[in-house]
There are 2 protein chains.
Amino acid sequence: MKTIELLNEINSPEDIKKLSIEQMNILSDEIRKGILNRVNKIGGHLGPDLGFVEATIALHYVFNSPVDKFVFDVSHQIYPHKIITGRKKGFISENIDELFSITGYSNPTESKHDNFVIGHTSTSVSLATGIAKARDLKNENYNVIAIIGDGSLSGGEAFEGLNNAATLNSNFIVIVNDNEMSIAENHGSLYKNLEELRTSKGTASNNFFKALGYDYTYLEEGNDISSLVETLKKVKDCKKPTVVHIHTLKGKGYKPAETNKEQYHWCMSGFMDNSEYETSETYASITKDFILDKKSKNEPVIAIAAATPGIFEFDSEFRNKLGKNYTDVAIAEEHAVAYTSALAKNGAKPILSLMSSFIQRTYDQLSQDLALNNSPAVILVYWGGISPMDATHTGVFDIPLISNIPNIVYLAPSNKEEYLAMLNYAYDQNEHPVAIRVPFYPLISTGQKDSTDYSVLNKSKTVIKGKDIAIIAVGHFMNIGYEIVEGLKEKGINPTLINPKFLTGIDEALLNDLINDHKLVITLEDGVLDGGYGEKISRFYSNKNIKVLNYGAQKEFTDRIPAEVLYENYHLTKDLILKDIEKNYD
Amino acid sequence: MKTIELLNEINSPEDIKKLSIEQMNILSDEIRKGILNRVNKIGGHLGPDLGFVEATIALHYVFNSPVDKFVFDVSHQIYPHKIITGRKKGFISENIDELFSITGYSNPTESKHDNFVIGHTSTSVSLATGIAKARDLKNENYNVIAIIGDGSLSGGEAFEGLNNAATLNSNFIVIVNDNEMSIAENHGSLYKNLEELRTSKGTASNNFFKALGYDYTYLEEGNDISSLVETLKKVKDCKKPTVVHIHTLKGKGYKPAETNKEQYHWCMSGFMDNSEYETSETYASITKDFILDKKSKNEPVIAIAAATPGIFEFDSEFRNKLGKNYTDVAIAEEHAVAYTSALAKNGAKPILSLMSSFIQRTYDQLSQDLALNNSPAVILVYWGGISPMDATHTGVFDIPLISNIPNIVYLAPSNKEEYLAMLNYAYDQNEHPVAIRVPFYPLISTGQKDSTDYSVLNKSKTVIKGKDIAIIAVGHFMNIGYEIVEGLKEKGINPTLINPKFLTGIDEALLNDLINDHKLVITLEDGVLDGGYGEKISRFYSNKNIKVLNYGAQKEFTDRIPAEVLYENYHLTKDLILKDIEKNYD
């Protein structure tokens, strides 16, 4: 990459310590160029990283990583740290493979300067507390520094950690990187207090951190290296827990990101060309239309998100239209589920949208606050399924997580019309908590209205009535189901194809019928096999004269592995399944 | 019940409103007698309920339930409310069945004055926020009152709720019942702030609630009805969120409970006879010996609990002996797992103990903070299995919850010697997060040391080598396994009996061997079938010529149903299983 000069000399934090303030300022610009280069070429987090460049340089100048230990919350602000700690090729290279060779998240297998694999929010303080306590138990001596963005402070795990960490009678430093933004805008009263603290330059009498027992320092110039170094030197080697609250500019150095903070929080590759996003119909867009229609009829509909409205295409126009009928609870998934349950119990019509990976935060709330109370709330689960994402963000565990909780109805639509019919059912009914697994794939439309009565629970649909072999394909895996049907037809077999629709129970009558003229049943699900839907079918048939083959993901964390490789590994392709059938069918 | 006079006239909150302060004081005494009567006869929560009698009377005097809505956190302080709202028979009766007819927890099926089924902590503010938001969406007008004990404030879900609730521009009242105790003593810096507030009569400049944007009132005399009424009248119909922080005496009115607050938080029946607990060896006691032994060798062992040390027999003597090698993280299960993971990563030897029902709080932390990082921490899961407890506290979901997460090793010992061998393995190794399902049953000892090498993962043990039928019995269900073996022998069949030991994987070699001379495999597990261990066996055999029958709990919330009834329903008895075998074996 051109225009990089000083950065060429930086290969470890040791090299930072040799620089003058002036050189560090030049380095800041070069690091920004590296961040922009990476994100424009392969996508990634932009605004939070651009805002934390000076702070990262100052941290490495003052502290001695890896002896002193940094823990970066959710990793949204970790790129500058990666660049400084020997991984600049992942940022400044012109070569796509080199860029991809470095992950976008904290990752100890890449560097001794990273202490954990981290990709979910609000964990840094909790994790750093354990690091510090182990240090104290072993009578060791070094600084432990938890870095957390203002947005992540709303998460329960962060609060639980702050409450414990403050009782350490030893070194513990929390850097609160306050860029006045979560992923979208911040929500919640904590943020009014941060505003008070910023406005008063840290002198306001209401002080969340002091109330929790922390020593507290405020730094307005969170993008000024000289001030940062001075401030950090004062807390280095402190003997009790302290918070350093620094005010930074999200997106700093790239004007569009400074102006449109939400849009540039995370960018797809090529964002500099300002290419417009597609505006074609999506599952998200038809969900928004559904909600706005209910609002226009003055129904007590309420859309709820937990800090990731962009995932559901809840843009500011949509949020403004909804007004009081929209709540962003902030990064607070547990509360989101309890809140949603209570809204439904008290006669409102809540629709909570969450990503598969983040609904993991809420098992107990799904069980106790929602299911045990049978609250007729609607939960939409996005991005469930096998994907090439980082291990922290894959969504293959939601079927075992949700479908084994009593009372919940978990539905898997395979196309637009089914989705709309399920959404209408879920919204109108008053009997059950209903979750819907929004297909991860591009929208498929049959053009034919689905008039299924979904209040008849666990009723599967026979899409093709055949014999000998039956394929039960969950949700958007109906695609694969159809492919196998074609493949078998070429071999002279006319199989049955079933769309189960319900993940929380099986259609015993239908399954019993299959025994009469079928020898083999195949299940296909876009999720982990262990604890999933297919195992329910295997259990049902386990004492009957019919064979079953379950297809889905293996129980493993997959990290940025191309989807086609995973499909191959899991035999989730037409050819591999047809071969397996040959072996198991005679 | 004798000595009850005024209470005889109280059948609903309306009856409270007619009383004078003097009469309400008399009523307080009578309610206490009712509480003591119930707990002494059938067990239950004592200290927190005794401390909240006056506040409950004052709440019902000032507010108009069920129009105004109360949400009681975790239900530890709900008995007085139950007594006032038409359920006094569950407290004052001499008849055990009448006492049992009323649950110990918030339960809408019992009364319109209860808004949710609640038994886990830190949910009241979150749930009440949903109640209030639905009210506002529907343009209704009444008071919403969340009641939360100081102990529950440390839970992340409570904090997430407080952060959102404070943004309501409408009526919302949080009653903080500060009795200076969690279940055991409080832990965390939040409690230093509560102490500051108590000491300063609410005037301290550090104020956690004000920092979160709440109006704030402190009442020192939280057991004085007159002061309570006066204070509550001031906040009634308030137009913005407000906190009323009242100082109460845990155990008030029963001297032993005032003195030994932890011991009398929850009591078994007959506690008034001061019967000593058994001191025989238990799984908890041998765990404590194990930990103390490591401590005596100056190893960096650390025992961690989340506010329920009593469940694990971590009495104050044990806690004092451990000193800095013990952390009670407070009610903060999410943090507990992250903290434990980081302790292990940084070279300490953490052993976290949690109840099956409460580990539900931590799915995402088990997955992301622990398993994804492969931290070699030890987690002990207590009280997993079918039980006659309330729906909020049964422990039948931990096998699906934990065993379907990659990287975790979940072990199920069937006796003392296996448990100790597994504990030693888990503690010594550095490769995996290891969870152990501590048997729910009384301790069984074989007297023979278990020298299994548990580092060879997923290796089951063939306890009896037979043929035709194989029984795979998980953990303490080996008991049932032996019974079935006996029953089959009487029928001339010599079955195989297998102890799987590992819940997170199957022993494929052993299972393949069984096919040669077995026709039927039976799995027995003390947990829900859906997503559980048996389904893994069914999936493995689903395309092979061997039948499988899975035994375990159905997917349902069971509420105070005797264990023997559940065992009968689930066919978990020798006779029922033998009958099923007859049907499925020829």
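I began with a crossing: H8(A) over H9(A) is left-handed (the near helix is turned anticlockwise from the far one by less than a right angle). Helices here are DSSP runs of H or I with at least four residues, strands are E runs of at least two, and both are numbered from the N terminus.

I noted the ground rules. This is a predicted model, where local features need pLDDT of at least 70, side-chain atom pairs count only at pLDDT 80 or more, and totals for chains, interfaces and linings use all residues. Residues are numbered from 1 along each chain as its sequence is written, while chains are lettered from A and ligands numbered from 1 in the order written.

Next I looked up the geometry. The axes of H8(A) (residues 124-137) and H9(A) (residues 156-165) come within 7 Å and cross at roughly 35 degrees. Axes are lines fitted to C-alpha atoms, for helices over the stretch in contact, and angles run from 0 to 180 degrees between N-to-C directions. I found Val125(A), Ser126(A) and Thr129(A) on the H8(A) side of the contact (C-beta atoms, placed from the backbone, within 7 Å).

Then I turned to chain B. I found an open sheet of five strands, ordered E2-E3-E4-E6-E5, with parallel pairing. Strands pair if DSSP finds at least two bridges between them. The edge strands are E2 (69-72) and E5 (215-219) of chain B. Five bridges join E5(B) to E6(B) (residues 241-247). One of the partners I checked: Leu219(B) bridges to Ile246(B).

Last, I checked how the copies meet. In chain B, 100% of the interface residues are also interface residues in chain A, so the copies meet through the same surface.

Definitions and conventions. Contact = placed C-beta atoms within 7 Å.
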